[in-house]
Amino acid sequence: MTIKASTGLRDGTLVTGSLRSLLNGGRINIYAGAAPATADAALGGATLLCAVTVNSTGTGINFDTAASGGVLQKAPGEVWSGVNVATGVASFYRHVAAGDAGDASTTAARLQGTIGIAGADLNLSSTSLAYGATQTIDYYSVALPTL
């Protein structure tokens with residue numbers, strides 16, 4: 001259980017901007033299948049189950065305006081949800097910037113992590129997603145490790 005940051009996100013954070021600025025306006029894609037080895041890798045045979053945006057509208061999701069104790073959380077006024085486009089068992093997610101096509105890239109800003117009911121990088125009430133149902137993410141945060 002370790003969130004993987006893409007090369008593009010790491011380089012962008014070090015040189016051109018904050019993690020917040022690089023991922024604001026993006027989405028969280030939830031997948032079934034084997035997770036790629038890195039966040040730089042193409043999605044391979046993974047199946048997209050849901051794209052999470054603001055109120056399932058396609059509008060990009062955003063982080064809060066401030067971090068606290070090295071933790072950045074979802075914007076408190078936003079409802080993060082998506083309508084499932086397939087039925088399957090969610091196994092991993094990618095938080096991606098707007099326009100990310102999921103292909104191999106060392107420049108795309110991405111976070112990739114596991115999905116479970118408890119103890120995963122992203123916990124859902126159920127990992128079994130059904131076509132047409134709405135999936136919400138009520139709590140999401142990214143933390144930098146302490147020194």
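This is a predicted model: local features need pLDDT of at least 70, side-chain atom pairs count only at pLDDT 80 or more; totals for chains, interfaces and linings use all residues.
**View 1. Strand 3 and its pairing partners.** Strand 2 (residues 27-32) is paired with strand 3 (residues 47-54) in the antiparallel sense through five bridges. Helices (H or I, at least four residues) and strands (E, at least two) are DSSP runs, numbered from the N terminus; two strands pair if DSSP finds at least two bridges between them. Strand 3 also pairs with strand 5 (residues 80-83), again in the antiparallel sense, over two bridges. There, valine 54 is opposite tryptophan 80 of strand 5.

**View 2. The largest nonpolar core and the surroundings of isoleucine 30.** The core (buried Ala, Val, Leu, Ile, Met, Phe, Trp, Tyr and Cys residues joined through side-chain atoms within 4.5 Å) has 27 residues, of which Leu19, Leu23, Ile28, Ile30 and Tyr140 touch the most other members. At least two residues of this core come from each of helix 2, strand 2, strand 3 and strand 8 (110-116). Strand 3 provides the largest share, four residues. Beyond its neighbours within four places in sequence, isoleucine 30 has contacts (heavy atoms within 4.5 Å) that include Leu48, Cys50, Val52, Phe92, Tyr93, Ile115 and Leu124.

**View 3. Strand 8 and the strands paired with it.** Six of the seven residues of strand 8 are buried, where buried means under 20% relative accessible area, exposed over 50% and partly exposed in between (1.4 Å probe, protein chains only). Strand 7 (residues 92-96) pairs with strand 8 in the antiparallel sense over five bridges, and tyrosine 93 stands opposite glycine 113. Strand 1 (residues 4-5) is likewise antiparallel to strand 8, with two bridges; lysine 4 is opposite glutamine 112. Strand 9 runs parallel to strand 8 and is joined to it by two bridges, with leucine 122 of strand 9 as the bridge partner of isoleucine 115.

**View 4. The largest pocket.** This pocket holds about 430 Å³ of space. On a 1 Å grid over the protein atoms alone, a pocket is an open set of points where a 1.4 Å probe fits, with protein on both sides within 12 Å along at least five of seven lines, and lining residues have an atom within 4 Å of a point. Volume is the space filled by probe spheres set on the points, which are joined across faces, edges and corners. Of the 17 lining residues, Thr13, Leu19, Val142, Ala143 and Leu144 lie nearest the centre of the pocket. Helix 1 contributes the largest share of the lining, three residues. The lining comprises 12 nonpolar, three polar and two charged residues; Ala, Val, Leu, Ile, Met, Phe, Trp, Tyr, Cys and Pro count as nonpolar, Asp, Glu, Lys and Arg as charged, and the others, Gly among them, as polar.

**View 5. The second largest pocket.** About 260 Å³ of space lies in this pocket. It is lined by 16 residues, and Leu122, Asn123, Leu124, Ile137 and Tyr139 are the closest to its centre. Strand 11 (134-137) and strand 9 (122-123) each supply at least two lining residues, and strand 11 gives the most, with three.

Key:
Residues are numbered from 1 along each chain as its sequence is written. Side-chain values use heavy atoms; hydrogens and water are left out.
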